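Q: Could you take me through one part of this model closely, helix by helix face and charge by charge? I would like to follow the side chains along with you.

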Amino acid sequence: MYRQLMEIESRLLPCGLHTIGKPPTAEEAIASLQVKPADIVFLDVRMPGEEDFAAIVKVRAAVPRARNLVALSSGGVKGDAARCRELKVAAYLPKPVTED
């Protein structure tokens, strides 16, 4: 996963964008965003130690300015896209994400 993040980072840098890290919990993501706001936040639908979609709900509640949330989901579980629409995430990407 780290290698993939670095590949993404290398594509973002020429555009003046960068990644700020990969927090392992929703609480750490919230703490990071409160210190260093981000224009786009990528969150896994199923973060370790969280119920499905809980991290998205928590980040939305704690950091209202984090408007551009992108949800990542492994394997496109049935109902994930609909739940993302309910939560008004900016985009839903089933993993693995490829260039195609």
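A: Happy to. The buried residues of H2 are Ala 26, Ala 29, Ile 30 and Leu 33, where buried means under 20% relative accessible area, exposed over 50% and partly exposed in between, using a 1.4 Å probe and protein chains only. Because these residues span an arc of only 100° around the axis, they sit on the same side of H2; the arc is that of the directions from the helix axis to the C-beta atoms. An α-helix has 3.6 residues a turn, so residues three or four places apart point the same way. The partners of that buried side are S1 and H3, against which it packs, with contact meaning heavy atoms within 4.5 Å. Helices (H or I, at least four residues) and strands (E, at least two) are DSSP runs, numbered from the N terminus.

A word on the ground rules: this is a predicted model, in which local features need pLDDT of at least 70 and side-chain atom pairs count only at pLDDT 80 or more, while totals for chains, interfaces and linings use all residues. Residues are numbered from 1 along each chain as its sequence is written, and side-chain values use heavy atoms, leaving out hydrogens and water.

Now to the charges. A salt bridge here is a side-chain nitrogen of Lys or Arg within 4 Å of a carboxyl oxygen of Asp or Glu, and by this rule there are five salt bridges. One of them joins the side chains of Glu 27 and Lys 58, at 3.1 Å from N to O. This pair links distant parts of the chain, with Glu 27 in helix H2 (residues 26–35) and Lys 58 in helix H3 (residues 54–62), 31 residues apart. Glu 27 is partly exposed at 43% relative accessibility, and Lys 58 is partly exposed at 31%.

Arg 46 is the next one to find. Its side chain meets that of Asp 52 in a salt bridge of 3.3 Å, N to O. Arg 46 counts as partly exposed at 26% relative accessibility, and Asp 52 is partly exposed at 44%. Arg 46 also forms a salt bridge with Asp 80, at 2.8 Å from N to O. Here too distant parts of the chain are linked: Asp 80 lies in helix H4 (residues 80–86) and Arg 46 in the loop between strand S1 (41–44) and H3, 34 residues apart. Asp 80 is buried, with a relative accessible area of 3%. Finally, salt bridges that share partners join Glu 27, Glu 50 and Lys 58 into one network.
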